[in-house]
Structures are given as structure tokens and as C-alpha cells.
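Opening the notebook on this one.

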Amino acid sequence: MNCARLLIQQLESYGVDTAFGIPGVHTIELYRALGQSRLAHHTPRHEQGAGFMADGYARANGKPAACFIVTGPGMTNIATAMGQALADSVPMLVISSANHRPTLGRGQGRLHEMPHQSETLAGVSRLSHSLNDPAALPEVLARAFAVFQSARPGPVHIEIPLDIIDAPAPTEPTRPARVFPPAPAPAALALAGDWLGNAERPLVMLGGGSAAYPEAARALVEQLDAPTFTTINAKGVLGREHPLDLGATMSLPAARCLAAGADVVLALGTEIGETDYELDAEGDFHLDGKLIRVDIDAEQLGRNQAADLAIQADAGETLRGLAERLPASAARDGAERAATVRRRLALAEDPELAPYAPLFTTLNEALPDAILVGDSTGPVYAGNFLASMPAPRRWFNAATGFGTLGYGLPAALGAALAQPDLPVVALVGDGGLQFVLGELGTARDLGRPVAVIIWNNNGYEEIRRYMSLSEVPHLGVDLTAPDFPSLALSYGCRHAHVGSPASLHAALGRLDEADSPLLIEVDAAAWAASL
């Protein structure tokens, strides 16, 4: 038993079944142990792709995957993916090598030498630890999975020096502890129940922390008869087209007016941050009623909006506890209030959103159960307002939090591995896809019929639009897109060119005809002309 074998054994005992990474000379011993395990391993074309794949995997099924990453450049490559996962509270275990301990910090020009690697990655991690004793590995992993299971999740980084990876390790098995998240204090539940029970115009705001508890969230919302905002990462928690669901529209004027008029607001598992609440506004989102905030992260309870009652607790336990303290049902005209806001929003008629509305109508008709994974691109920004999903974990993208480009394709591949029985669609722009063209090779390796919808407008259209609004000349935003049919052919993928909702629907109907990715290139100009 050496440290590498102990690591793999411990990961298996925690239920980790999937790993992503690119083998390197500094991780050979990890791969020796991995090859003798039950873990499935998938190789991206770039370490950033490994991180995005692990992110999509965890968002789609709630389970962390492992990333095995080489020292130095491998870790700087995956740092962006870790930053996106940190911003959106996505669990991810990153295992890296480090140079031999006697050489660390000496500046001798060693292969992959990176001064202070662990400290560098601490900024994009919930925990970044340097392992200097194989016997300490079970304890460090216990800390990592305690973060995943009972705190605000995010990436955890463990670096293992080369002389430790192959060092003898304890042979006695260490059983993982069951870690439960904090439960709400009874006094806090009683006070929150009293405020909500007596409210005349209650409002609920559900964040990504509620994604694991759709039944409890839907039951409480209906019990309160309260209009409900769901953040981008909570989309689908109430199901498709729920009469109380106002989606991620809280940055729009009609929705903000409703929020300002609520007398009691329950905000559960949400940062109340800019990328959900201030997208089209001027930083003036405010709540005049009593605010009850529930979050598993104590520090988050004090950020962005001051709470009248702050409860550090698990979302599911809180939802169930509140339901027990409220009347069975209350008629507060919640559906009517929500319908009034929807009429005022008129999203499908908004000039900026209307061109994309047929896209989501078509996706809903052709692939109603699909997981939609987006990059930072126009259709995704619009979909954050327009898309209605049948369940949580079916809509996620990089347009929140860190806001990186190149996320959509590899994250969709991770989602396809996590949920092999569901269709998966990547929504990307031609500019963002060029960050990760190599991952088309990974997509082909996986042999999954993932649809990659490419919104082709020959450049960074969103930035062009902002430049025009700011009267800045278009500089650096007009790009040459690849010849996508040739690109698809070179990677053994299928290709379809579409310019209307009808042709898109027909292309999606061919998704399952082969076990290979389907690149669907949407000519943005032709699409607009067809509407």
C-alpha cells in the first residue's frame, strides 16, 4: 500500500466513481493506482476542460468528481474552471502532484516547478492542502468531503509531492464518516414560521442551495401561496411553468416592483448577488419587507442584503421545518400576483429576448427532458429569462458568477456522463467554442450523442453590442469562425446547418441516429430573418 493506492481506495469508499485528467510524468503513480480501480477515467484535451467536465458532472447529479492534474502548468490551466465552480458552489476534488519536497522553494528550474502552488490555488478553492504525510491523507479527505456534504461546496485542492505519492501508507481501512449539514435552530424556525404565517404579501427567493430539494421547495411555496423567484442555478426547482414561478427575472422592473412590495421575504440558498439580481439594473435591488435569509454559509448571511432573521442551516431541513410550522394552506392570491408580473414582463415580446424565444420553444418541443448547458453567449443570457425546465439540474451555464468562456462544451460532456439517460445540449457561441475546440475530440471519444448548438455570428456579439451602446468602435470582436462542416468531419462528428426554428427541430430529431456528437450551426442572421 502506497499513498497513491490509499487515495484511490479512499475515493472509492466516498462513492467517487469518475475522474478527469491528462496523465503526465508527475502523476504516473496516481494513474498506476487508478488503472487498478473501479473509477472511470476520461481524458480532456486541456486541464481546463477537465475542470469544466467535473463541474458539469457535479451540477447534473450533485456528486463530486475527481480531477488528476499535473504540477505547475496543469494547475494554472485548471484554475479558471475552479474559479467558476467556486463562484457557483459546485463540488470538485482536484488532486495534483507537486515536486519532491527537498526541491520545493529552491528555484532550481525543476520540471513543472511552481513556487507556492497550494497558496496560488487557495484563491479558487474552499480548501487547498499540501500533503506531507501519507498517514494524514484520510484526515484531509475527511475535511474535503465535510466541505462537500455539510458546508458551502466548491473546489478542494490536495497537492501530493512526488516523494509522497509513492511512499508507504497505512493499510488499515478508514471508514468515511457520515456528515450531516446543520439543521435550523428551533427558535429561528418558530420566528420565521410566525412571520411567514402572518404575512399578507409573502415572497420566496430560491437559490442553487435548494436544487437538491425540489419537492420540499414546491410544497412550501404552494403552502404559502407565494410568488417565487428562482435564480439561474435554481431553475426548474418548481417544475416547468409552475403558476407561482417567476424564474430568474428579479433584475427586471416589474419583478423588482413585486419584491419591493413584499411584506415578508424568504431567501433560501441564494447569494442575492449581482449575476441574478442586478443583470439589467443599476445596483438598486432592495427589499422593504422583513427578510429571512437561510444559507449554509454563515458569512453569506451578512452579504448583499441585510437580513432581519439569518439562519445558518441546510435548505432541505429548513423547508421541511417551516412546512410543519405553517398552516396547511393559505390563500394570498399568489398565482394572480405572479401572473400580473408575467404579463408586465412580456418576456417573449422584449426586443432583446424575442429572437431567442423560438429557440427555447423548439428545444422544449424536440427534447423536453434535455439538460441544457450554456456558455457565455446571447442565447444563454436570454434563456436565463426565457427557459422553463421540468426539474432542477437541467439548466446551468457560465453566464453567472465567474462568467468564463469555453465552459459550455466540456461541461455538457460532464453532464452527459452524469446523466446518460437524458439528452444533453450545449449552447455555445462561435467565439466561446473556439476557446475549447479540442474538446470536440473528447466528445468523440465519449461516443455520446451530445448536441452542440453553435450560435454563429462571427465574433463576440455581446461585447459588440456593449461597444455600440457605449459608442466604442468595434475592436477585437470580429472573428473568423471555423468552417464548421469541415471541423466536424475532422473530429468524426456530425454537422447540420440551420437557419430557422423548423430546421432546428428537424436537426434535433436526428440526434439519436448515431453515437457521436451533433454540431448544429445556427446562422444567426438567417434565424433572425426567418422570424
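This is a predicted model: local features need pLDDT of at least 70, side-chain atom pairs count only at pLDDT 80 or more; totals for chains, interfaces and linings use all residues.

**Core packing**

I looked up the largest nonpolar core: of its 55 residues, Met205, Phe229, Leu363, Trp395 and Val425 touch the most other members. A nonpolar core here is a set of buried Ala, Val, Leu, Ile, Met, Phe, Trp, Tyr and Cys residues joined through side-chain atoms within 4.5 Å. Helix α10 (residues 253-261) gives this core its largest share, four residues. Helices (H or I, at least four residues) and strands (E, at least two) are DSSP runs, numbered from the N terminus.

Residues are numbered from 1 along each chain as its sequence is written, and side-chain values use heavy atoms, with hydrogens and water left out.

Next I checked what Val425 is in contact with (heavy atoms within 4.5 Å). Leaving aside neighbours within four places in sequence, I get Leu363, Leu367, Ala370, Ile371, Leu372, Val373, Ala451 and Ile453. Another core, of 52 residues, lies apart from the one above and includes Ala58, Ala60, Ala411 and Leu440.

**Positive phi**

Ile272 is not a glycine, yet its phi is near 50°. I find Ile272 in the loop between β9 (264-268) and α11 (274-277). Ile272 is buried, at 5% relative accessible area; buried means under 20%, exposed over 50%, partly exposed in between (1.4 Å probe, protein chains only).

Asn458 also has a positive phi, near 55°. I place Asn458 in the loop between β15 (451-456) and α19 (461-469). Asn458 is partly exposed, with a relative accessible area of 40%.
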